[in-house]
Amino acid sequence: MTVKAYGAHAGDQPLVSMDIARREPGAHDVLIDIAFCGVCHSDLHTVRAEWAGTQFPCVPGHEIVGRVAAVGAQVSSHKVGDLVGVGCMVDSCRHCADCEEGLENYCDHMVGTYNGPTADLPGWTMGGYSQQVVVHEHYVLRIRHPEQDLAAVAPLLCAGITTYSPLRHWNAGPGTKVGVVGIGGLGHMGIKLARAMGAHVVAFTTSESKRKDAVALGAHEVVVSRNAEEMAAHARSLDFILNTVAAPHDLDAFLVLLKRDGTMTLVGAPATPHPSPNVFNQIMKRRAIAGSMIGGIPETQEMLDFCAENGIVADIELIRAEEINAAYERMLKGDVKYRFVIDNATLAK
Ligand code: NAP
Ligand code: ZN
Ligand code: ZN
């Protein structure tokens, strides 16, 4: 079947309307009518070929929410009409140690929702800037939020799980002081989630204009990271830092804010490396720099349920599909409050 989509034919071309093929649903597949799709900075890195290996045409989008339109004969976990979501992956091997632990995101054969290998034509996956998608039932999540929140739930499928998983792994909670660096799509979710987990939250931003917002999002304290005095006030005080910044920057400025044995986890994935950190800042206080990639399917469901129970959604700006190129330009300036979400109904026009 053919569906309407928005994508690019080359890394230096704007996204345009295009028709793409979707496979007919197989026995274990779910066909989803996509209602909304969030716009992640990874979409921009990929579609502009900033990271290696983008296949064109490229249709990004891995923060997908919508309704089940049809299910294959063997599907037991979802039924027609259900509200569902799809995040950053649509397949994995399902039998390696990572998959068996529910950490499919770390499977060597994980297939991304776009730009991943597939037997479907044209040979790589196409994402959620499209009218419909066909996904194996294992990678389809249940949404328990009220339907009127659906657009604002979309960003949970990447920005939500990418921040939830490291916050849980490094034990953010009561009695811990957690820093969140960069208040964009990921960072604003990191603030909300760390607060809901019970941590004392310090937001770090380069944008003076986000100071007030950060408090409204749930930060107990806000630091404008360009201000050395404000930074120094937090020296050696943080248990954990979640760094979401999408561009290379000075990691030492944040490392020195960690307590002894603290960890800074990088989730931001800039196209060019950060300047090398000073090893003494790690040695002297046994500090660690770590990384984390999205989260597995069970933890993504846990995160969605946690957000539904705690009334957590993203702060979004809803856009029409044809506004996507302008939205990317604004993201590059840090001018987004705090996630663009495409209204996929506008793809039909
Ligand atoms: P975003 O909405 O564009 O937010 C990034 C934020 O970083 C900006 O709002 C800005 O916050 C801060 N920043 C500071 N200097 C910047 C600069 N020179 N250029 C851009 N941003 C700058 O991006 P996002 O969707 O949250 O994604 C953030 C990064 O995480 C991207 O690299 C993305 O590819 C990556 N990512 C990784 C995973 C994973 O699994 N590890 C998953 C999703 C995304 P302030 O204004 O507050 O300084
Ligand atoms: Zn993403
Ligand atoms: Zn596997």
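Predicted model: local features only at pLDDT ≥ 70, side-chain atom pairs only at ≥ 80, totals over all residues.
Colleague: Where does Met284 lie, and which residues make the nonpolar surface patch?

Modeller: Met284 sits in the loop between helix 9 (280–283) and strand 15 (288–291). Helices (H or I, at least four residues) and strands (E, at least two) are DSSP runs, numbered from the N terminus. Val279, Phe280, Ile283 and Met284 make a nonpolar surface patch of about 440 Å². Patches take residues with over 30% relative accessible area and no salt bridge; like charges are joined within 9 Å, and nonpolar side chains (Val, Leu, Ile, Met, Phe, Trp, Tyr) within 5 Å. The areas come from the Shrake-Rupley method with a 1.4 Å probe, and for residues only the protein chains shown count as cover.

Colleague: How do I read a salt bridge, and how many salt bridges are there?

Modeller: Side chains of opposite charge can pair when their charged atoms come close. The rule here asks for a side-chain nitrogen of Lys or Arg within 4 Å of a carboxyl oxygen of Asp or Glu. By this rule the count comes to 20 salt bridges. One of them joins Asp305 and Arg144, whose closest N and O atoms are 2.6 Å apart. Asp305 belongs to helix 10 (residues 297–310) and Arg144 to the loop between strand 9 (141–142) and helix 3 (150–153), so the pair ties together parts that are 161 residues apart in sequence. Asp305 counts as buried at 19% relative accessibility, whereas Arg144, at 48%, is partly exposed.

Colleague: Which residue meets Arg211 in a salt bridge, and which meets Asp261?

Modeller: Arg211 meets Glu230, at 2.9 Å from N to O. This pair links helix 6 (residues 211–217), which holds Arg211, with helix 7 (residues 228–232), which holds Glu230, 19 residues apart. Arg211 is partly exposed at 26% and Glu230 is buried at 19%.
Asp261 meets Arg286, at 2.5 Å from N to O. Here strand 14 (residues 258–266) carries Asp261, and the loop between helix 9 and strand 15 carries Arg286, 25 residues apart. Asp261 is partly exposed at 33%, while Arg286 is exposed at 58%. Arg23, Asp29 and Asp120 are joined into one network by salt bridges that share partners.

Colleague: How do I read a metal site, and which residues coordinate the zinc ion (ligand 3)?

Modeller: Look for donors, meaning N, O and S atoms within 2.8 Å of the metal (3.2 Å for Na, K and Ca); water is not among the atoms, so sites may look incomplete. The zinc ion (ligand 3) is coordinated by the SG atoms of Cys93, Cys96, Cys99 and Cys107, at 2.3 to 2.4 Å. In sequence, these donor residues follow the spacing C-x2-C-x2-C-x7-C. Cys99 and Cys107 are buried.

Colleague: Why is the arrangement around the zinc ion (ligand 3) tetrahedral?

Modeller: Ideal angles at a metal are 109.5 degrees for four tetrahedral donors. Four donors count as tetrahedral if all angles lie between 85 and 135 degrees; four count as square planar and six as octahedral if opposite donors are over 155 degrees apart and all others between 65 and 115; anything else is irregular. The four donor atoms around the zinc ion (ligand 3) subtend angles of 104 to 115 degrees, which makes the arrangement tetrahedral.

Colleague: How do I read a strand, and which way do the side chains of strand 5 point?

Modeller: In a regular strand the side chains alternate between the two faces of the sheet. From strand 5 (residues 83–86), Leu83 and Gly85 point one way and Val84 and Val86 the other way, and all are buried. Strands pair if DSSP finds at least two bridges between them. Strand 4 (residues 64–71) runs antiparallel to strand 5, joined by four bridges, and Arg67 has Leu83 as its bridge partner. Strand 5 also pairs with strand 9 in the antiparallel sense, over two bridges, with Gly85 opposite Leu141.

Note on methods
Residues numbered from 1 in each chain as written. Chains lettered and ligands numbered in written order. Heavy atoms only, no water. Buried < 20%, exposed > 50% of the residue type's maximum accessible area, 1.4 Å probe, protein only.
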